[in-house]
Amino acid sequence: MRVLLVEDDRKLSAAICRLLEKERITADAVYDGSDGLDWALSSEYDAIILDVMLPGMDGFSVLRELRKEKISTPVMMLTARTELEDRLTGLDSGADYYLGKPFESAELISCLHAITRRGIRAPVMELSYGNIALDPKDGKLKNRESGAAVKLGAKEYQLMELFLRNPGQILGKETIHERVWGLESDAEYNNLEVYVSFLRKKLGFLGADVKIKVTRGVGYSLEEEA
């Protein structure tokens, strides 16, 4: 599952991202309403977590613009503004759920799964390329021919998911770093090389007919073996 998180409290945003990562949910975090609208319009997400009080454009306005553009992605409003009038405004604007702050971690995850199960979008299926597949139900990378499988860690899973969503396409290091570690992460770029090395070893163990290729000075791509 891939989620867009639009929350201007950076500490809270980082905490939610860590929570989602434990659930093998990839989160793109942005911190103002205008950026949130741009990201929601330019990328495909399974759900959006949207604060109300945002710089640039408030959450209600973002949501109304999304619905005007026929974006049906499930939206959870996450805000301290829990008065009845605010809740009704959010729901009338097209929100699928209104979760007040403070909240319990389990409640957020449960509500997120609930709004993505309502049939608004097709269920997330396994991603595959060549003879390998990534199963979102158990977080395992599998050889579809032999049945061999290995468990992936959270970052390995996010990185492999990104490659499988863009097979044969060279992804720049900055793009990968932004998608997997987040816009504000202090992680060094050599972390990417480490995780690519981990994935290469696991692909080799599985007998995969695809490989992660590096184009020096440009980035990485998932390619089928010749």
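This is a predicted model. Start by selecting helix α7, then show its neighbours: the buried residues of α7 pack against α6 (154-165), β10 (171-172), α8 (190-206) and β12 (219-224).

Now pick out those residues within α7, which spans 173-181. Select I176, H177, V180 and W181; these are buried. Why do they sit on the same side of α7? They cover an arc of only 100 degrees around the helix axis, which puts them there together.

Next, go to the backbone. Select K101 and P102. A cis peptide bond joins K101 and P102, with omega at about -5 degrees. P102 is in the loop between β5 (97-100) and α5 (105-116).

Move on to R24. Find R24 in the loop between α1 (10-22) and β2 (26-30). Check its phi: the value is near 60 degrees, positive in a residue other than glycine. R24 is partly exposed, at a relative accessible area of 23%.

Last stop: K70. Look in the loop between α3 (59-68) and β4 (75-79). K70 is not a glycine, yet its phi is positive, about 65 degrees. Is K70 buried or exposed? Its relative accessibility is 72%, so K70 counts as exposed, the cut-off for that being over 50%.

Technical notes: Residues are numbered from 1 along each chain as its sequence is written. This is a predicted model: local features need pLDDT of at least 70, side-chain atom pairs count only at pLDDT 80 or more; totals for chains, interfaces and linings use all residues. Side-chain values use heavy atoms; hydrogens and water are left out. Buried means under 20% relative accessible area, exposed over 50%, partly exposed in between (1.4 Å probe, protein chains only). Helices (H or I, at least four residues) and strands (E, at least two) are DSSP runs, numbered from the N terminus. The arc is that of the directions from the helix axis to the C-beta atoms. Contact means heavy atoms within 4.5 Å.
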